[in-house]
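Reader: I'm new to this one. Could you walk me through how to read it, feature by feature?

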Amino acid sequence: MSFFWRQCQYVAHRYLVVRGLNNYYLSCCVNTLLQTLNATWELADILEKWEDAGLGAVGENVPFQLKRVLKAMRENCPQPAPHKDFLHCLDRNCIRLQTQHDADEVFLSILDLMQRQMDDRALALEIQSLYKISVETQLQCLECNAVQTQNSHLLSLPLHIREDQNSLEDCMNSFFQQQELKGINCCLCAQCETRTPSRQGVKVRSLPRILCIQLKRFRNYHGRTLKLDCKVSFPETFDFSEIHKEAFSTDFTQNDCRYTLYAVVVHSGTATFGHYTAYVRHKVTNCWHYADDSHVSQSSWEGVQKTYEGGYSGTAYMLMYRRDGEQQDLSG
């Protein structure tokens, strides 16, 4: 047994690592997201600053219930953390119990509900900024070369995957590659005053502290949703600026674009009958743990790599990266 692994075990014992969550009415999707949100310690820190004063129906307020459950997950207790109130709160906000959910959709819904239900606008925007990827969409007319630009933002980066083998770098290059729009996809050019062939591309204006990536494994084939279990490899650390040299807009000014993986949402099974689990890094030890509802065990980077492609352990569906330099002191 290596010294590093023994140190992980020692510190994990001192701080009692990651609390599990009971599966309550098909709650594995939400359980898994709670593990990733708990590993996003920046989110809990912002919620702790929120005084949640003047709330009406707290049983329907998602950020209030999320703050409670994240606090419970950090308590030094061996039993699964209580989270039924949070699940029922989501149910009242149309994220239903006893229903199979898509993890990325639920994740974005939770972020949206926090924006709408927090009574402190500054803190709500601070939460949004954690995940906010500011982008510029450029549309160039191929007839007159006029360029239209539109600024917007994403809270997760949706990456298309091929049906054979992929790497994260391949998927990102494909996302930022310019596409030609012709035929029925022609767009209206204000200068030509008619629909013309065009070239469309996306460029990054700013990167967030927390970079959430969705690997789009679910496809619609003739009205049926199927899952792709093909291989998608991804690194433990990477530099965004080296992935795609032309992915940045002219007003991009950030210097450090290096990211480190700290959570992975894993899906096993089929599109219609599946199960979610998570790999998360512990805040203090920096060691990997595997959370399958109420069962939590120590793992490793080698364990995370098993989720590259289909198998007994499932496939990676969402990746959570933290920008380097944002990590707190892990010495304890």
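Reader: Let's start at the end of a helix. Which residue caps the N-terminal end of helix 7?

Author: That's Asp 120. Keep in mind that this is a predicted model. In it, a side-chain oxygen of Asp 120 lies 3.2 Å from the backbone nitrogen of Ala 122.

Reader: And once I'm inside helix 7, which residues are buried?

Author: Helix 7 covers residues 121-131, and its buried residues are Leu 123, Ala 124, Ile 127, Gln 128, Leu 130 and Tyr 131. Seen down the axis of helix 7, these buried residues fall within an arc of 150°, so they line one face of the helix.

Reader: Why would residues that are three or four places apart point the same way?

Author: Here's the general idea: an α-helix has 3.6 residues a turn, so positions three or four places apart point the same way.

Reader: Then what do the buried residues of helix 7 pack against?

Author: Both helices and strands. The helices are helix 2 (28-39), helix 3 (41-49) and helix 6 (103-117). The strands are strand 1 (133-141), strand 2 (147-154) and strand 9 (210-216).

Reader: Strands next, then. What should I know about side chains in a regular strand?

Author: In a regular strand, the side chains alternate between the two faces of the sheet. As for pairing here, strand 1 and strand 8 run antiparallel and are joined by 8 bridges. To find your place in that pairing, look for Thr 137, whose bridge partner in strand 8 is Val 202.

Reader: How many bridges pair strand 5 with strand 8?

Author: There are 3, again in the antiparallel sense. Glu 180 has Arg 199 as its bridge partner in strand 8. The side chains of Glu 180 and Arg 199 also meet in a salt bridge, at 3.4 Å from N to O. Glu 180 sits in strand 5 (residues 179-181) and Arg 199 in strand 8 (residues 198-206), 19 residues apart. Both are partly exposed: Glu 180 has a relative accessible area of 43%, and Arg 199 has 25%.

Reader: How many salt bridges does the structure hold?

Author: It holds 15. A handy way to read one is to ask which parts of the chain it ties together. Take Glu 75 and Arg 19, whose side chains meet at 3.8 Å, N to O. Glu 75 lies in the loop between helix 4 (62-73) and helix 5 (84-92), while Arg 19 lies in the loop between helix 1 (3-15) and helix 2, so the pair ties together parts that are 56 residues apart in sequence.

Reader: Are the two partners buried or partly exposed?

Author: One of each. Glu 75 is partly exposed, at 41% relative accessible area, whereas Arg 19 counts as buried, at 5%.

Reader: What about the salt bridge between Arg 322 and Glu 42: how many residues apart are the parts it ties together?

Author: The side chains of Arg 322 and Glu 42 meet at 2.7 Å, N to O.

Reader: Last topic, the aromatic rings. How many aromatic pairs are there?

Author: A search of the whole structure finds 14. To read a pair, look at the distance between ring centres and the angle between ring planes. The rings of Phe 238 and Tyr 321 have centres 4.9 Å apart and planes at 90°, so that pair is edge-to-face. Phe 238 belongs to strand 13 (residues 237-239) and Tyr 321 to strand 18, 83 residues apart. Phe 238 is buried at 9% relative accessible area, and Tyr 321 is buried at 0%.

Reader: Why is the pair of Tyr 279 and Tyr 290 called tilted?

Author: Their planes are at 40°, so the pair counts as tilted, with ring centres 4.7 Å apart. Tyr 279 is in strand 15 (residues 274-281) and Tyr 290 in strand 16 (residues 288-292), 11 residues apart.

Reader: And which rings link into a cluster?

Author: Ring pairs link Phe 175, Phe 176, Phe 238, Phe 240, Phe 248, Phe 252, Tyr 259 and Tyr 321.

Technical notes
Residues numbered from 1 in each chain as written. Predicted model: local features only at pLDDT ≥ 70, side-chain atom pairs only at ≥ 80, totals over all residues. Heavy atoms only, no water. Buried < 20%, exposed > 50% of the residue type's maximum accessible area, 1.4 Å probe, protein only. Helix = DSSP H or I, 4+ residues; strand = E, 2+ residues; numbered from the N terminus. Arc of directions from axis to C-beta. Contact = heavy atoms within 4.5 Å. Polar contact = N/O pair within 3.5 Å; in protein donor to acceptor, adjacent residues only side chain to side chain. Salt bridge = Lys/Arg side-chain N within 4 Å of Asp/Glu carboxyl O. Pairing = 2+ DSSP bridges. Phe/Tyr/Trp six-rings, centres within 6.5 Å; stacked < 30°, edge-to-face > 60°.
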